[in-house]
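Keep the viewer open as you read.

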Amino acid sequence: MELEFKNINEDEFYNMSMLFTMFSDSTRLKILSVLFDGECCVKEIADKLSMTHSAISHQLSTLKKMRLVKSKKRGKSVFYTLSDDHIKSIFHMAYEHVNE
């Protein structure tokens, strides 16, 4: 489907800019890349990235507000996954672009 930019309204432009803002932070990109392999809890992500739980939790909260990740509570732990495959596609396109 061909996108006609003249048909995009102001709210849609704003929402698109917010999406790009989410991808502008290297910590958020690292968190998303960890979630490519499947669901993880905050502790697992923090351990894989050698970061604090609070730093990871803060970024996950931001990513969740923008609907890039979703969460599911099991017992005392909250597990995070990517919201959909679009996130991987955007990530891969950005990676390919910077490596041309």
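What follows covers a helix and its surroundings, a surface patch and the salt bridges.

Bear in mind that this is a predicted model. Start with helix H1, which runs over residues 10-22.

Now for the surface. Phe5, Phe13, Met16 and Phe20 make up a nonpolar patch of about 430 Å². Phenylalanine 5 is found in the segment before H1, and it counts as exposed because its relative accessibility is 53%, where the cut-off is over 50%.

On to the charges: how many salt bridges does the structure hold? There are two. One joins the side chains of glutamate 39 and arginine 74, at 2.4 Å from N to O. This pair ties together distant parts of the chain, 35 residues apart: glutamate 39 is in the loop between helix H2 (26-35) and strand S1 (40-41), while arginine 74 is in strand S2 (residues 69-74). Glutamate 39 is partly exposed at 32% relative accessible area, and arginine 74 is partly exposed at 39%.

The salt bridge between aspartate 47 and lysine 43 has an N to O distance of 2.7 Å. Both belong to helix H3 (residues 42-49), and because they are four residues apart, about one helical turn separates them. An α-helix has 3.6 residues a turn, so residues three or four places apart point the same way. Aspartate 47 is partly exposed at 44% relative accessibility, as is lysine 43 with a relative accessible area of 48%.

Methods
Residues numbered from 1 in each chain as written. Predicted model: local features only at pLDDT ≥ 70, side-chain atom pairs only at ≥ 80, totals over all residues. Heavy atoms only, no water. Patch = residues over 30% accessible without salt bridge, like charges linked within 9 Å, V, L, I, M, F, W, Y side chains within 5 Å. Areas by Shrake-Rupley, 256 points an atom, 1.4 Å probe, with all protein chains shown as cover. Salt bridge = Lys/Arg side-chain N within 4 Å of Asp/Glu carboxyl O. Helix = DSSP H or I, 4+ residues; strand = E, 2+ residues; numbered from the N terminus. Buried < 20%, exposed > 50% of the residue type's maximum accessible area, 1.4 Å probe, protein only.
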